[in-house]
Amino acid sequence: MKAAVLVFPGINRERDMARTLRLTSGREPAMVWHTEHDLPAGTDLVVVPGGFSYGDYLRCGAIAARSPVMDAVRKFAAGGGLVLGVCNGFQILCESGLLPGVLMRNENLRFICRDVFLKVERSDTPFTRGYNAGQVVRVPVAHGEGNYIADGETIARLEGDGRVIFRYCGPDGMIDPDWNHNGALNAIAGIVNDGGNVLGMMPHPENHVEADIGSTDGRGLFAGLAEALKKAA
Amino acid sequence: MLANDVKITPELVAEHGLKPDEYQRILDLIGREPTLTELGIFSAMWNEHCSYKSSKVHLRGLPTKAPWVIQGPGENAGVIDIGDGLACVFKMESHNHPSYIEPYQGAATGVGGILRDVFTMGARPIACLNALSFGAPEHPKTRHLVSGVVAGIGGYGNSFGVPTVAGSVRFHKRYDGNILVNAMAVGLAETDKIFYAAASGVGMPIVYLGSKTGRDGIHGASMASAEFDDNSEEKRPTVQVGDPFSEKLLLEACLEIMAKDCVIAIQDMGAAGLTSSATEMGAKGNLGVTLDLDKVPCREEGMSAYEMMLSESQERMLMVLKPDKEKEAEAIFRKWGLDFAVVGETTPSMRFIVKHHGQVMVDLPIKELGDSAPEYKRPFVSLEKPAPIDAGAIEPPGSIADALERLVATPDLCSKRWVWEQYDHIIGGNTVQRPGGDAAVVRVLDGPKGLALTTDVTPRYCEANPFEGGKQAVAECWRNLTAVGATPLAITDNLNFGNPERPEIMGQFVGCVRGIAEACKALDFPVVSGNVSLYNETNGKAILPTPSIGGVGVIADFKKSASLAFKKEGEAILVVGETTGWLGQSIYLREICAREEGAPPPVDLIEERENGEFVRSLILDGAATAAHDLSDGGLLVALAEMAMASGIGAKLDAAPDDIPGHAYWFGEDQARYIVTVPAQAVELVMARARKASVLVSRIGTTGGAAVAIDGQRALAVPDLNERSEGWLPGYMAGRD
């Protein structure tokens, strides 16, 4: 795995992400500053981490989406490269047109930090091959604007194409409004683009990779990615 | 004579919060009438908030030294050695008055200010904590203040990117007109890379960094040094507006230039902005400072020297740079999109000189500006202490079970999940123990070391007996750190009191500080930083005396830390320490009997230490499977908390015959803990306790799905949880 972690002003989970990539792949990722026009040679995974790029001013992710480095990411994604956006990263990917839809304010209008349960809808993607389809994982969320919405046609297409990868659920895997903390449409927690190579998700799997710090439920995503990239190499 | 186009009248002096004798002191010091800008500077430097003029004489009695203390009070934050070449940098500070006037921004900038204090010293912040006191829930403003303060703390810390890992929230009518928002920040640095405020070298460039200067916050520190009245809301314009995004950039830029060895001295612009940061850097380094205000980056046009010197615009820093590194430092700041301007230099003159539009606006002796601030030995009286109440004279509840059901859903004892879920408490990936326990535990770097962090105080004890209350605040903080298995190292104190010009308030202050000092000495738990907030009164009504104590402890292996949740069915439940059934000033007495009376429980510091050391040894050698400090609500509330955290119930023996049941279950005797141990280990633990002369008794066994006292109605754990979790969200949603 040759991961590149993008760094925008105001991003603040880039260290968490870098540590997790190191722990799970054994390799230090490259930290790429937002003004760069190119990704490091040989990059096989781009990660857009969480945080508050540009203070969430204007709209979450809106300013970062227009950074020079995002042109390089668009080109990389168009060529089939794997892109993972977490939290603010998901918002940036939506704002940059790499993923459809938007993240609105949480239904209760408050920031929410807690562990949630996710149902892994598919295991046949490079992002989820470390899980079984239907598996329930516990990972934390920490966001004020994670309420996913898109127009009816887009949602129908996402659902029809099986592009909803993660959904908020109860501990037993049942989709239940009581366990959908931010009010996201269809309990959507993570989606992929139509090429299946760009994933955006609100929860933070990178914060649950150690048994003594939370849990290891987030590890499957990174271990799966490492394996997928090793196979591809 | 300096040019002065404004006549300094007695009214103008009074508007600046300076008393006639204080103004005379200024005249004597400089031998002429001050300019308006100079008057503003004196007002900013000599108010209570910046000068500690009422408190200083008493603060000298606090112990501040220990072999592990690297820097005690007097710098931006305290610094302690936590081993392996690492230092923990921490401080707590109040933002009470601004938070009452504008809760979101007041609380947010409180967090911003304390974070700056920590990273100014070269430390990357790794955790935030807070201690919040609100008015009675039924007061019409309380809901609005809770909502705004919590959102403000979260809004700043979440965006800045520091986990808010612990804190306390209380409600009492005495805070109706004057809430308390105390914020604590904790950072990590290498012991040989700590940065200080003292400038050195003549002719060194003084550099302004961060956000631009605006007209916000002018006289903020003076506001914080006055009582409130009904017109206080008109002071809204003196509250600053926070920009966590700029602060995050400032953090990264500062740490980057510190790592490149560019910095001689650094001071953040907090209270009294440019004035106090510039004079402190000079005075501490025995140097003069000349500032050229034409170079200061301003947000608004036409700002006067007076406004620039007193602005409390946030996210600004002042640095003295190594001259040969100026270009390198500037490039780093430009990269982060921050303002960078050389605004002055150090001089050999020992004068503080400020120029604007080519004119000298200020020419003052730099040392005396701080050192000659008035210092008061204000008269104080100790009010008569209430006598202890005999537990037998306090009415029992309908049943113990009824009382517990009510207590877990009271505002002070209920779950504060609604609050801490609005704080990102996991960012950093190092939060071992999240909010809701006795103390948070945060892994240091990649481990195995961990830091334990907590904030504590019991204001009703301090009110009834300031000395015992002061002792108890420190002892409880020490106990909470111990209950997770950490060795307590040092504290930061945030002393919130009423108007010190009233002898009875001064009496509370003096009593509490003496109590804090006594406990800190007995527990080897020095004070390394702190803040005093006086004049917490509205229309002559003072808050409860509230000396918040923020404590830091260290544990060699974070994996050995204990949590309060029961771990397994069938384990023995032990109480460490003596239970006498002390109900005076207890939560039971207040919430069930509606009485706030009696003497608070006395604190025996020798017993605290012995019992604490015993509990810590049980945790560290793995004998204790769970541990919990006993405090508000006593034994049964603590047991309920352990059950609720785990979903495992407890079968408890009936109260002993010689103590009334309600006193036994809800009394608040100090120096006590609950621990659980595997049933087969009980005898061994008891033998160890006897050897250590520590009182330990078995009171029951974990198991089942209810908290069940022999002979009493059993309480299902899910029902208790629902009550505990229900109150705050219900209240905030407007359901009473």
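At what angle do the axes of helix H18 and helix H19 of chain B cross, and within what distance do they come? I started there. The model is a predicted one.

**Entry: the helix pair in chain B**

I looked up H18(B), residues 466–483, and H19(B), residues 503–522. Their axes cross at roughly 40 degrees and come within 6 Å. Angles under 35 degrees count as roughly parallel, and the crossing is at roughly 40 degrees, so H18(B) is oblique to H19(B). I also noted the hand: H18(B) passes H19(B) in a right-handed crossing.

Next I listed the residues that meet. From H18(B) I have B:Pro466, B:Phe467, B:Glu468, B:Gly469, B:Gly470, B:Lys471, B:Ala473, B:Val474 and B:Ala475. Their partners in H19(B) include B:Gly507, B:Gly511, B:Arg514, B:Ile516 and B:Ala519. I sorted the contact by class: 10 residues are nonpolar, 6 are polar and 4 are charged.

**Entry: the nonpolar core**

I then turned to the largest nonpolar core. It holds 316 residues. B:Val474 is among those with the most contacts inside this core, along with B:Leu453, B:Leu639, B:Ala643 and B:Val675. H19(B) gives the core its largest share, 10 residues.

Setting aside neighbours within four places in sequence, I found B:Val474 in contact with B:Ile491, B:Ile516, B:Ala519, B:Cys520, B:Leu523, B:Phe525 and B:Ile549.

**Entry: where chain A meets chain B**

How many residues does each chain put into the contact? I read 22 from chain A and 25 from chain B. On the chain B side, helix H8 (142–160), helix H10 (244–259) and strand E14 (431–433) each supply at least two residues. H10(B) has the largest share of that side, with 4 residues. By class, the side of chain B that touches chain A has 11 polar, 8 nonpolar and 6 charged residues.

**Entry: helix H3 of chain A**

I checked what they pack against. Last, I looked past the helix end. A:Gly97 follows H3(A), with a positive phi near 85 degrees.

Methods:
Residues are numbered from 1 along each chain as its sequence is written. Chains are lettered from A and ligands numbered from 1 in the order in which they are written. This is a predicted model: local features need pLDDT of at least 70, side-chain atom pairs count only at pLDDT 80 or more; totals for chains, interfaces and linings use all residues. Two residues are in contact if their C-beta atoms, placed from the backbone, lie within 7 Å. Ala, Val, Leu, Ile, Met, Phe, Trp, Tyr, Cys and Pro count as nonpolar, Asp, Glu, Lys and Arg as charged, and the others, Gly among them, as polar. Axes are lines fitted to C-alpha atoms, for helices over the stretch in contact, and angles run from 0 to 180 degrees between N-to-C directions. Angles under 35 degrees count as roughly parallel, over 145 as roughly antiparallel, 65 to 115 as roughly perpendicular and the rest as oblique. A crossing is left-handed if the near helix is turned anticlockwise from the far one by less than a right angle, and right-handed if clockwise. A nonpolar core is a set of buried Ala, Val, Leu, Ile, Met, Phe, Trp, Tyr and Cys residues joined through C-beta atoms within 7 Å. A residue is buried if 20 or more other C-beta atoms lie within 10 Å of its own, exposed if 12 or fewer, and partly exposed in between; C-beta atoms are placed from the backbone.
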